[in-house]
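Q: I would like to learn how to read a model residue by residue. Where do we start?

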Amino acid sequence: MMTSRSHDRDVTAGPCRTPALGRDRKLPLAMERSRERGEERERRRRLFAVSTVQIISLSHLVSFMAGHSFPCLCSRLIVAACKNVQSDLKRGKRKEDAWNKNSVDLVQATEAHCHYVVVKLFVDKLSEVLDVAALRILSTLCLLYTLHGISRNTGDFLQAGLLAPVQLEQIQQRIKDLLVVIRPNAVALVDAFDYTDTQLGGVLGRYDGNVYENMFEWAKKSPLNKTQVHASFHKYLKPLQSKL
């Protein structure tokens, strides 16, 4: 009887273990498919959420930054550049060769980070501007600078899933609108840096506004205009004309 019960236990235990192993084999595949479906749902949810976000005003911009979109892009580019450098190092490349090979990725990440830092500081400092008229113009300039930087790197934002195509169309149109607003104050904004005419060193960069008079004086001082006909004509062109 003891043997029989022991045998019964062995027979009962045996068949129970085999299906369990079968389920264990199927479990990773089911989990993987479930994870993929979850990622796809999340991707669609994020894309829908992104497509409903607008960046056409300063308040929208603050919300966009508060959502960690800019830092997310910077981190993504930095991580990608580091991975590429590390991958080449593992393949046996010298450090300087790996660095030079991926310099484009490194510069791209650097530019994105610098753009984010300038925008963040710009937005933070706007809260310290007390003059209403100046705040309005500087806020417009801040938004224009931000959107211009995004428009130059639309591929990065699209690839990271931070912007949707419909938003890029909004951004391009908004940039045109902001240029119209900022144009009357463009000269004053440049003059705000207090560059002297000597520092600018350009024929058009004059504080007194006498552009055309200055351009004429510059033309008279040019070495090309010291004689009625330049010496190169007599040296090169005139001999060729005589042979025609």
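**Reading the model**

A: Start with a loop: Asp194 is found in the loop between α9 (186-191) and α10 (197-200). This is a predicted model, in which local features need pLDDT of at least 70, side-chain atom pairs count only at pLDDT 80 or more, and totals for chains, interfaces and linings use all residues. Residues are numbered from 1 along each chain as its sequence is written, and side-chain values use heavy atoms, with hydrogens and water left out.

Q: Is Asp194 buried or exposed?

A: Take the cut-offs: buried means under 20% relative accessible area, exposed over 50%, and partly exposed in between (1.4 Å probe, protein chains only). Asp194 has a relative accessible area of 62%, so it is exposed.

Q: How many helices and strands does the chain have?

A: Helices (H or I, at least four residues) and strands (E, at least two) are DSSP runs, numbered from the N terminus. Here the chain has twelve helices and zero strands. Read from the N terminus, the elements run α-α-α-α-α-α-α-α-α-α-α-α. Of the 244 residues in the chain, 20% are buried.

Q: What part of the contacts joins residues 24 or more positions apart?

A: Contact means heavy atoms within 4.5 Å. Among contacts in the chain with a separation of 6 or more, 62% come from residues 24 or more positions apart.

Q: At what angle do the axes of α6 and α8 cross?

A: Axes are lines fitted to C-alpha atoms, for helices over the stretch in contact; angles run from 0 to 180 degrees between N-to-C directions. Helix α6 (residues 132-152) and helix α8 (residues 165-182) cross at roughly 145°. Their axes come within 9 Å.

Q: Is the crossing of α6 and α8 left-handed or right-handed?

A: A crossing is left-handed if the near helix is turned anticlockwise from the far one by less than a right angle, and right-handed if clockwise. The crossing of α6 and α8 is left-handed.

Q: Which residues meet where α6 and α8 are in contact?

A: From α6 they include Ile137, Thr140, Leu144 and His148. From α8 they include Ile171, Arg174, Leu178 and Ile182. By class, the contact of α6 with α8 has twelve nonpolar, four polar and one charged residues (nonpolar: Ala, Val, Leu, Ile, Met, Phe, Trp, Tyr, Cys and Pro; charged: Asp, Glu, Lys and Arg; polar: the others, Gly among them).

Q: Is Thr140 buried or exposed?

A: Thr140 has 11% relative accessibility, so it counts as buried. Thr140 lies in helix α6. Leaving aside neighbours within four places in sequence, Thr140 is in contact with Leu178, Val181 and Ile182.

Q: What does Tyr145 contact?

A: Tyr145 also lies in helix α6. Beyond its neighbours within four places in sequence, Tyr145 is in contact with His115, Val118 and Val119. The C-alpha atoms of Tyr145 and Val119 are separated by 7.8 Å, and the two residues are 26 residues apart along the chain. With a relative accessible area of 35%, Tyr145 is partly exposed.

Q: Where is the kink in α12?

A: The bend at a residue is the angle between axes fitted to the seven residues ending there and the seven starting there. In α12, a kink of about 40° lies at Leu237, shortly before the proline Pro239. Pro239 is in contact with Phe233 and His234, leaving aside its neighbours within four places in sequence. At 33% relative accessibility, Pro239 counts as partly exposed.
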